[in-house]
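User: Please take me through this model, and for each label that you apply, set the value against the rule behind it.

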Amino acid sequence: MELNLKNPLAFFDLETTGINIAQDRIVELAILKVMPNGEVVKMHHLINPTIPIPEESAMIHGIRDEDVNDKPTFKTLAKSIAKFLEGADLAGFNHVRFDIPLLVEEFLRAGVDFEVGNRKLVDAQKIFFMMEKRTLSAAYQFYCNKELEGAHGAMADTEATYEVLKAQLDKYNGQPVEDIGGNVIAKIENDMASLHQLVGSNMVDLGGRFVFNDQGVEVFNFGKHKGKPVTEVLEKERGYYDWMMQGDFPLDTKRKLTQIKLKGFKMG
């Protein structure tokens, strides 16, 4: 099944120095952009992270310091990457909780404004886990009947994810999605807005520190204030804003916190 697209859909994958969104860096980036007319355009970069690549990370993706020492930094590439992604919705495999937040952090460090709030986010892993609950290699075998060669290589994983999403839509299009209680909560459709809803449309920041509650109000999703409206906490505990802004939180989380605070002032 070919994808039903209104906007370009950019599948992407990152290989990184580690899994700390606030501190780690990208060492490889691969993007496969599918246009509404079916045309496929690719971008691939090895990137100098400007920090050492730990051996435990290198053992996963095979990229070591000597492989990227002479490569461009993300800051050098940031504007061209943002231009390539301009107007595109974003797709990947488990990218909402890791790849997208880390990519946004890199853009913020580079001084490039890259917003995802107006983009649809489609995560093939979410659909996979809802329907089959396996890994990318298993998904590729299950849906495409192929062996995934070069797993943990950014382009191999990106191309596999593209094929997996199309095969998922072939298999599940029109089928209901149920929660653990057996209640139908959605339906699989060849529509990026519908698939975006499956990802978790209640998130506020990419790190998941804030979410929208059932009333559409931003609430904390961690710590002692979990479930409480952010504006209410900031009003009653003035120092909490400063604590978060000075803490080891992702830049995107701090940006969203400031936006919520300023919105609260305007409403007040």
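Analyst: The chain is split into domain 1 (9-127), domain 2 (136-201) and domain 3 (210-267), with bounds that come from an automatic or database domain assignment. This is a predicted model, in which local features need pLDDT of at least 70 and side-chain atom pairs count only at pLDDT 80 or more, while totals for chains, interfaces and linings use all residues. Residues are numbered from 1 along each chain as its sequence is written, and side-chain values use heavy atoms, with hydrogens and water left out.

User: What makes the pair of arginine 255 and glutamate 115 a salt bridge?

Analyst: The term requires a side-chain nitrogen of Lys or Arg within 4 Å of a carboxyl oxygen of Asp or Glu. The closest N and O atoms of arginine 255 and glutamate 115 are 3.5 Å apart, so the pair meets that rule. Between domain 1 and domain 3 the count is two salt bridges.

User: Why is threonine 50 called exposed?

Analyst: Threonine 50 has 56% relative accessibility, and therefore counts as exposed, since the classes are buried under 20% relative accessible area, exposed over 50% and partly exposed in between (1.4 Å probe, protein chains only). Its phi is near 70°, a positive value in a residue other than glycine.

User: Why does asparagine 94 count as partly exposed?

Analyst: Asparagine 94 has a relative accessibility of 32% and so counts as partly exposed. The phi of asparagine 94 is near 60°, again positive in a residue other than glycine, whereas most residues other than glycine have a negative phi.
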